[in-house]
Amino acid sequence: MQYRGLGSSELKVSEISFGTWAIGGAWGNVNDKESLLALEAAIDKGVNFFDTADVYGDGHSEQLLAQATKGREDQIYIATKFCRAGDIHDPATYSEASVRAYCEASLKRLARERIDLYQIHCPPMSILKDGSVFEVLDKLQQEGKIRHYGVSVESVEEGLFCLEQPNVRALQVIYNIFRQKPLELLNEAHRRGVGILVRLPLASGLLTGKFTASSTFEADDHRRFNENGEAFNVGETFAGLGFAKGVELADQLRWIEEGRGNMTRASLRWLLDHEAVTCVIPGFRNVRQVEDNLAALDVPSFTAEERERLAAFYKEQVHPFIRGSY
């Protein structure tokens with residue numbers, strides 16, 4: 001395992017870390033026993049950073065992380081998020097009383113005294129521009145409830161605004177071969193010493209290459225109920241592409257797996273080749289998926305010619321079909 005600095009903070013995190021949305025809920029059936037085995041396998045392989053949120057399974061993923069990291073709280077870092085358990089457009093959701101309550105609830109579920117990275121969970125731009133939530137986070141940091149804080153953003157505009165806030169230490173961004181526009185944001189964050197957590201690096205599974213046009217999803221899987229943004233930002237599902245179009249485009253990318261094992265490993269490797277990326281946080285539901293993601297560490301990097309080919313592919317074939325805030 002290789003480790004990268006989380007921006008200008010003192011934290012060194014595994015360049016492949018993991019997100020826990022899938023083991024919390026909204027990705028179909030989950031099995032806690034398999035989830036805990038997968039978490040243990042990741043930790044055994046050197047993963048020291050996990051991303052979660054209070055709304056993943058209504059706190060269930062936080063509870064699973066508490067079990068998996070018990071006794072190793074000083075070695076395994078956890079990032080969690082807040083605000084989406086309330087009305088994200090209501091300023092009251094970001095008041096000191098509300099944020100403090102969210103923080104204390106997460107600390108209790110995580111069985112920890114401090115959150116390593118506390119993130120605002122995709123708030124609207126109006127809340128960011130108001131700025132008072134950053135003052136609340138400053139206070140929680142001073143009290144030792146949180147070590148650092150950051151923002152999970154939906155658009156480049158939001159990310160660039162957050163970079164102007166002096167104590168934001170990390171941004172969480174949707175970035176993958178299908179969603180390359182945020183490169184300008186990544187580069188600016190790197191210049192300013194702000195860490196980048198790449199979420200949905202496999203575009204909700206499209207970039208694993210395992211889907212066909214006839215693939216279906218369970219009723220409680222966001223890939224079924226949010227394909228067109230019915231429940232939340234459409235960009236959070238299939239990178240903002242319609243499923244059928246996403247499968248069509250993924251089929252055109254089969255060449256990237258040559259010499260790299262499969263599309264999963266190749267897609268993660270492409271991200272890790274960017275020095276501005278602190279870590280990628282793919283999801284998982286079992287040990288096999290953890291091991292397959294970690295295998296990306298051992299596959300060849302992309303050549304300059306390959307990267308140019310993928311940049312042109314995105315610009316010409318993918319970008320016109322992406323929907324939602326970007």
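In this predicted model, Ala 213 touches Phe 243 and Val 247, leaving out residues up to four places away in sequence. Ala 213 sits in the loop between β9 and α9 (222-225). Is Ala 213 buried or exposed? With a relative accessible area of 65%, Ala 213 is exposed, since anything over 50% falls in that class. Another residue to look at here is Glu 248: its C-alpha is 7.9 Å from that of Ala 213, although 35 residues separate the two in sequence.

Gly 86 also belongs to a loop, this one between β5 (77-82) and α4. Its relative accessible area is 30%, so Gly 86 counts as partly exposed. Once residues up to four places away are set aside, Gly 86 touches Thr 93 and Tyr 102. From Gly 86 to Ser 98 it is 12 residues along the chain and 9.1 Å through space, C-alpha to C-alpha.

Asn 48 is a loop residue too, lying between α2 (32-44) and β4 (49-51). Asn 48 has a relative accessible area of 10% and is therefore buried, the limit being under 20%.

Turning to the helices, α3 (residues 60-68) packs against α4 (residues 96-110), with the axes 7 Å apart and an angle of about 40° between them. The two helices are therefore oblique to each other. On the α3 side the contact is made by Glu 62, Gln 63, Leu 65 and Ala 66, and on the α4 side by Ser 106, Arg 109 and Leu 110. By type, the residues of this contact are three nonpolar, two polar and two charged.

Ala 111, in the loop between α4 and β6 (115-121), has a positive phi of about 55° despite not being a glycine. Most residues other than glycine have a negative phi. Ala 239 is another non-glycine residue with a positive phi, near 60°. Ala 239 is located in the loop between α9 and α10 (243-251), and its relative accessibility is 2%, so it counts as buried.

Helix α8 (residues 183-192) has Leu 185, Leu 186 and Ala 189 among its residues, and these three are buried. Why do they lie on the same side of α8? They cover an arc of only 100° around the axis, which puts them on one side of the helix. In general, residues three or four places apart in an α-helix point the same way, because there are 3.6 residues a turn. The cover over the buried residues of α8 includes α7 (156-162), β8 (168-174) and β9 (195-199). After α8 comes Gly 193, with a positive phi near 75°.

How many of the 10 residues of α11 are buried? Nine of them are, so α11 is largely enclosed by the rest of the structure. The buried set consists of Met 263, Thr 264, Ala 266, Ser 267, Leu 268, Arg 269, Trp 270, Leu 271 and Leu 272. Packed against these residues are the strands β1 (3-5), β9 and β10 (279-280), along with the helices α10, α12 (287-294) and α13 (304-318). At the start of α11, a side-chain oxygen of Asn 262 comes to within 3.2 Å of the backbone nitrogen of Thr 264.

One charged residue of α11 (residues 263-272) gets a closer look: Arg 269. Its relative accessibility is 9%, so Arg 269 counts as buried. Which residues is Arg 269 in contact with, leaving aside its neighbours within four places in sequence? They are Arg 4, together with Ala 296, Leu 297, Val 299, Pro 300, Ser 301 and Phe 302.

Notes: Residues are numbered from 1 along each chain as its sequence is written. This is a predicted model: local features need pLDDT of at least 70, side-chain atom pairs count only at pLDDT 80 or more; totals for chains, interfaces and linings use all residues. Side-chain values use heavy atoms; hydrogens and water are left out. Buried means under 20% relative accessible area, exposed over 50%, partly exposed in between (1.4 Å probe, protein chains only). Helices (H or I, at least four residues) and strands (E, at least two) are DSSP runs, numbered from the N terminus. The arc is that of the directions from the helix axis to the C-beta atoms. Contact means heavy atoms within 4.5 Å. Axes are lines fitted to C-alpha atoms, for helices over the stretch in contact, and angles run from 0 to 180 degrees between N-to-C directions. Angles under 35 degrees count as roughly parallel, over 145 as roughly antiparallel, 65 to 115 as roughly perpendicular and the rest as oblique. A polar contact is a pair of N or O atoms within 3.5 Å; within protein, one must be able to donate a hydrogen and the other to accept it, and residues adjacent in sequence count only if both atoms are side-chain atoms.
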